Amino acid sequence: MRFDLRHIRCFVILAEELHFGRAAQRAHMTQPGMSRLIRDLEQDVGVPLFARTTRTVVLTEAGKAFLAESREALARLERAVTSARRTAGGEVGVLRIGYMDFAINGRLPEFLNAFSRYRPEIRLELLFTPTLKQQEALYADRIDIGFMIGPFEEAGMESYTFDDHRYVALLPITHPLSNVRVLRLADLADQPFVLGSGENWGAFRTAFFAVCHRAGFTPRIVQEASSSEGIFGLVAAGAGVSVYASCVRNVQRRGIVIRDLDDVADKLITCAAWATPVRAPAVTVFTDYMRRVWGGS
């Protein structure tokens, strides 16, 4: 087909006016030019779209069918233009967001809820992804923003402190130390530990081991789990003690006692990270809102 958008628009105008002179005037062109465009269009389509006499112009049945589809095509094109402009302005789009346990158990759900009210036409796709895999996914453009254990300061990336958590001890409710209101990390030096597995909890383990080493011991790990629920279940079953982020207080879990660690000043940081330069305008809208309205801890 050789006809283009100009032919379609002129056809619709003529179908509405049913008069070549008025249609040409409305289309800001000469009457011969309008006649030529319609003739070329009919040749391309292969059937007459108008029945003409010296005094009248009417649509043929084929023309009526073509008019309905042409109007829909123009409407779809206008919607496409609007969508492109709104996407470029960050008003609509899709954001792929990676998150890990501490983020989703912390402030992230409340923030995402607020952002969705602010920009309801930006769809959020949430992907549970451990911290180290989030970093890989950002470089590979598999996610747009990651909420991970920080800090994350790498070339081509920007990060922002979104939340922070204290280290807390998790004890079985029957543990002898469960009656102590405030513990020291050193009190757990001889205890069997339940920790997240290295594959999914590598960033946390690196930070936690550094804290333990400063306290003068290396944790004796007797059980590992791939998820927070697995850690909580093993602790509740009496397999050992654990250390987690203070956001655990937002999670209902029976059989576990949570205690502050008085001698640990370090905090577990949750940072938001994204690639620069920004790949999608919606990322800018999201991160500007995060900085301007929500703020970090």
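The legends below describe close-up views of a predicted model.

View 1. Helix α3 covers residues 31–45 and has 15 residues. From first C-alpha to last, α3 reaches 21 Å, close to the 21 Å expected at 1.5 Å a residue. G46 follows α3 and has a positive phi, near 100°. The buried residues of α3 are G33, M34, L37, I38, L41 and E42.

View 2. The largest nonpolar core has 59 residues, and F102, F111, F147 and L185 have the most contacts inside it. A second, separate core has 22 residues, among them A15, L37, L41 and F66.

View 3. L77 belongs to helix α4 (residues 61–88). Its relative accessibility is 35%, so L77 counts as partly exposed.

**View 4. A salt-bridge network.** Salt bridges link E16, E17, R22, R26 and R71 in a network. Between E17 and R26, the closest N and O atoms are 3.0 Å apart. E17 is partly exposed at 23% relative accessible area, and R26 is partly exposed at 39%.

**View 5. A salt bridge between distant parts of the chain.** R291 and E158 form a salt bridge with closest N and O atoms 2.4 Å apart. R291 lies in helix α10 (residues 281–294) and E158 in strand β6 (residues 157–172), 133 residues apart. R291 is partly exposed at 34% relative accessibility, as is E158 at 29%.

Notes: Residues numbered from 1 in each chain as written. Predicted model: local features only at pLDDT ≥ 70, side-chain atom pairs only at ≥ 80, totals over all residues. Heavy atoms only, no water. Helix = DSSP H or I, 4+ residues; strand = E, 2+ residues; numbered from the N terminus. Expected span 1.5 Å × (residues − 1). Buried < 20%, exposed > 50% of the residue type's maximum accessible area, 1.4 Å probe, protein only. Core = buried A, V, L, I, M, F, W, Y, C linked by side-chain atoms within 4.5 Å. Salt bridge = Lys/Arg side-chain N within 4 Å of Asp/Glu carboxyl O.
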